[in-house]
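Please read the sequence alongside the three-dimensional view below, and follow each part of the account on the structure itself.

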Amino acid sequence: MFGLHFENQYAFSMFIYLLLQYGFINTCLKSLVVEKYGEETWEKLRLQAGVQDSFLTFEVYKDEITMQLIDKACKILGVPADMVLREFGGYFFEFCKRSGYDHMLRTLGGNLYEFIENLDALHSYLSLSYQEMNAPSFRVEKNEDGSMHLHYYSDRRGLCHIVPGIIGAAALDFFNIEISMEIINQTEEEEERTGKKEHIVFLVTQNPDFAKAKNTIRDKGSSVCPVKKSHWKTIRGIITLGKGKLLRGFDPVYPKSLWIDTKTFCNGLPFHLVFDKELRVKQAGVSIQKIVPGLQTMGIYLDHYFSIVHPEVPFNISSIQKFINSQFVFQTRREMMPESWKQRPMLELRGQMIWMESLQCMLYLCSPLLRTLHELEERQMHIADIAPHDVTRDLILLNQQRLAEMELSNQLERKKEELRILSKHLEEEKKKTEALLYAMLPQHVANQLKEGKRVEAGEFKECTILFSDVVTFTNICAQCEPIQIVLMLNSMYLLFDRLTTVHDVYKVETIGDAYMVVGGVPVPVPTHAERVANFALGMIIAAKGVQNPVSGNPIQIRVGIHTGPVLAGVVGEKMPRYCLFGDTVNIASRMESHGVPSKIHLSSSAYQCLKYKNFEMTERGEIEVKGKGKMHTYFLIRNKTASENEIMGRPMKDSDSGHESVQSFQEGRTETIPSCHQPGSVNSTYLSLLEQMNVNTTQLNILFCSFSYSDSAREGPDPSHCNEVY
């Protein structure tokens, strides 16, 4: 059991490094961070590492990307690199299981040595799909006390701590045993494996307490519930061979002499070599002679015609014997090939080494290492050159199909990634569009329109409406360039828009220099009059900071306020607007048009709402209002309890702490406008979004200015049109 356990573990350790160059490993690392630490941690990690958000499984990436991610993970999480790598190793085991690779690892062999013999075969198999991989190597030595020495060779420094993480997780999951691994030697490899940079030796031991506890549980279980004999154990106890000998093991039988002649052997195994300790060639298969004609001269030196590609060891008999359980890959030397062959890709042979003690020679049983039909054609070879019993024939054909499927899978993965990026960009554009829409309509109204629903008009029994305009605006327009008007209005509206947020009032619309807001719509609140009154006081103060482009003096505005019932709803389909209807709108407009520069004109109903609310007001008396006759009106002077900074929502120094704080009228209120209804800096937001959408905002503002109308014409609508929309 211990040997079987280690076979699968080393396969996993090897497997992670095979895939390290590919997106699979980075995808696993992302999955670990997101699952255990959250999306925000991964986003922070990848931004600091400077890498993309997702990786393609079959795409080759630089090792530096993985190393950078690991380095930044150590800094962000505040843990040592070896702990991060061990945790990643354990998670990688689970990730591989979910990805379907565990079955492949379970079937490598029945014991440790069978596993080692097939380890390079797994390397070779995976190299058919992952052609850019740079595989590490493993060599295991079994000690007398039952422990093992695992020799790990890799071109990548600093990743050896992943191995114990994978092994420990797989041991617990596959075999319910606990192991410990410690590094007992770490060197830079120069002699034994000239191609690998790092050589790590692990001492691997099984936890005896864990194994004892496991056996105790098993013994207790067997005493209570005996385990039934398997079908095959029963059969083995019955079947006998010969003279009653039980079939308990296997002993091979060899013939006294070899019943095959030399010619048949060389034809039946067309790719094989026999060489002695000095690397002199004693025998070669017919196909390998055809490809390398020099081998027809017996006694030549093998290293003159071939180089060892894998494992990366010196070409001598002692190194080959040390790695005799590994698969060896030979490559023909270009300088020793016939002149007509030198332009072709060199042929690689893959196979196993068998030491023949009686002859003191090494047998190399091999096959051509070909992945596709294209590689076969490049070397001017045919399927017929490979022996019928050699599975390389089937492997080439099967892998041709597999590579085509992988290419299709890779293309689908790329398209999926492109769609993900497009979807992300689409979501960003959708947010911009929604922000623009919510700046023009209340959010609940906008959502209903997006869903194609009909928005019913709503009646508000009491609200407060404000109108304002710029005094002598027509004269200013006549004496200035259009761009000067645009700049003046924009600076004024930016200030007003900010105040709508400070005082929680809803901006209905602007037409030229006219500005309209309402309190208590679209969300009814009992403090609608106070909010609009404070907003009006802020408008008067803010207007002093806007310069008249003609005179250079601060502009003057008129403000009118009225309280009463309205009907609110959406009008139109092509450019829907949230409009207010009713006589309240009409009277509020009359209060503005009959007002006085730099004054806030109140109707009697607005006065009654503010009468006991800490506002200073003065009586104007009765005036003649067009379409309404005589009306008793008032002027709003100031808020008795609020300072100018509070009215304007400016940051103020806290006298006790020295820290800045923002004074707001929202404090202490139980009824607040939800974020979806907060008007915000509508004008600035609107212009900003239009600029992002490449709309010429200067032309647009000039267009708005064309709607301005003269002071003489702005005496208000005809009283008969009491439902006129503003």
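This is a predicted model: local features need pLDDT of at least 70, side-chain atom pairs count only at pLDDT 80 or more; totals for chains, interfaces and linings use all residues.

Helix α3 spans residues 39-49 and helix α4 spans residues 63-77, and they pack with their axes 9 Å apart at an angle of about 125°. The two helices are therefore oblique to each other, and the crossing in which α3 passes α4 is right-handed.

| Core | Number of residues | Residues, among them |
|---|---|---|
| Largest nonpolar core | 42 residues | L466, M492, I557, I561, I600 and L602 |
| Second, separate core | 38 residues | I308, F330, L370 and M381 |

The residues named for the largest core are those with the most contacts inside it, and its largest share, 10 residues, comes from helix α19, which covers residues 528-543. Leaving aside residues up to four places away in sequence, I600 touches A536, L537, I540, V559, I561, Y634, F635 and L636. In soluble globular proteins, nonpolar side chains tend to be buried together.

Why is helix α20 largely enclosed by the rest of the structure? Of the 11 residues in this helix (residues 583-593), 10 are buried, so the rest of the structure largely encloses it; the buried residues include T584, N586, R590 and E592.

Finally, the unreviewed UniProt entry annotates residues 398-436 as a "coiled-coil region". In the model this span is 100% helix and 0% strand, and its end C-alpha atoms lie 57 Å apart.

Notes: Residues are numbered from 1 along each chain as its sequence is written. Side-chain values use heavy atoms; hydrogens and water are left out. UniProt positions are given in the numbering used here, feature names are shortened, and annotations may be inferred rather than shown by experiment. Helices (H or I, at least four residues) and strands (E, at least two) are DSSP runs, numbered from the N terminus. A nonpolar core is a set of buried Ala, Val, Leu, Ile, Met, Phe, Trp, Tyr and Cys residues joined through side-chain atoms within 4.5 Å. Buried means under 20% relative accessible area, exposed over 50%, partly exposed in between (1.4 Å probe, protein chains only). Contact means heavy atoms within 4.5 Å. Axes are lines fitted to C-alpha atoms, for helices over the stretch in contact, and angles run from 0 to 180 degrees between N-to-C directions. Angles under 35 degrees count as roughly parallel, over 145 as roughly antiparallel, 65 to 115 as roughly perpendicular and the rest as oblique. A crossing is left-handed if the near helix is turned anticlockwise from the far one by less than a right angle, and right-handed if clockwise.
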